[in-house]
Amino acid sequence: VRPGEALLAFGPEPLPGEGDAVAVINLSPQGDTAEAAARLFGALRDLDRRAAVIAVAPIPVAGLGEAIRDRLARAAAPRP
């Protein structure tokens with residue numbers, strides 16, 4: 001996480017530079033992908049209002065994590 005970025009966190013472990021983030025929302029401090037999926041869109045809207053760049057913590061690939069990662073990739077894709 002670089003200074004000036006917002007952080008979309010996941011799980012109990014802090015990321016390097018987390019203290020320098022302008023805002024932090026943890027989708028699930030316990031690492032629960034169901035909780036993370038339910039909170040994803042609200043968290044992205046909130047962080048988007050606070051910073052131009054949102055750093056994202058690693059999300060598991062399995063189960064709902066795959067869907068969350070897909071949505072994050074779509075949100076990060078360039079717009080025509």
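Helices (DSSP H or I, at least four residues) and strands (DSSP E, at least two) are DSSP runs, numbered from the N terminus. The model is predicted: local features need pLDDT of at least 70, side-chain atom pairs count only at pLDDT 80 or more, and totals for chains, interfaces and linings use all residues. Residues are numbered from 1 along each chain as its sequence is written, and side-chain values use heavy atoms, with hydrogens and water left out.

**Stop 1: the annotated range**

Select residues 16–77. The UniProt annotation "domain: Threonylcarbamoyl-AMP synthase C-terminal", from an unreviewed entry, covers this range. UniProt positions are given in the numbering used here, feature names are shortened, and annotations may be inferred rather than shown by experiment. Over residues 16–77 the chain is 50% helix and 11% strand. The end C-alpha atoms of that range lie 25 Å apart.

**Stop 2: the strands**

Select strand 1, residues 6–9. Both of its faces are covered. Ala6 and Leu8 lie on one side, Leu7 and Ala9 on the other, and all are buried (under 20% relative accessible area; exposed is over 50%, partly exposed in between; 1.4 Å probe, protein chains only).

Strands 1 and 2 run parallel, joined by four bridges. Two strands pair if DSSP finds at least two bridges between them. Ala9 has Asn26 as its bridge partner, and Leu8 stands opposite Ile25.

**Stop 3: helix 1**

Select residues 33–50. Helix 1 has 18 residues and reaches 24 Å from first C-alpha to last. That is close to the 26 Å expected at 1.5 Å a residue, the expected span being 1.5 Å times one less than the number of residues.

Where does helix 1 bend? Center on Leu40: the bend there is about 50°. This is the angle between axes fitted to the seven residues ending at a residue and the seven starting there.

Show the side chains of Thr33, Ala36, Leu40, Ala43, Leu44 and Leu47, which are buried.

**Stop 4: the core**

Select Leu8, Leu27, Leu40 and Leu72. These have the most contacts inside the largest nonpolar core, which has 16 residues. Strand 1, strand 2, helix 1 and helix 2 each give two or more residues to this core. The largest share, five residues, comes from helix 1. A nonpolar core is a set of buried Ala, Val, Leu, Ile, Met, Phe, Trp, Tyr and Cys residues joined through side-chain atoms within 4.5 Å.

Zoom in on Leu27. Leaving aside neighbours within four places in sequence, Leu27 is in contact (heavy atoms within 4.5 Å) with residues including Leu8, Phe10, Leu40, Ala43 and Ile59.

**Stop 5: helix 2**

Select residues 64–76. Glu66 sits in this helix. Is Glu66 buried or exposed? Glu66 is exposed, because its relative accessible area is 53%. Beyond neighbours within four places in sequence, Glu66 is in contact with Pro60 and Val61. Glu66 and Ala55 are eleven residues apart in sequence and 18 Å apart in space, C-alpha to C-alpha.

Finish at Ala75, also in helix 2. Ala75 is partly exposed, because its relative accessible area is 42%. Its C-alpha is separated by 19 Å from that of Ala34, 41 residues apart along the chain.
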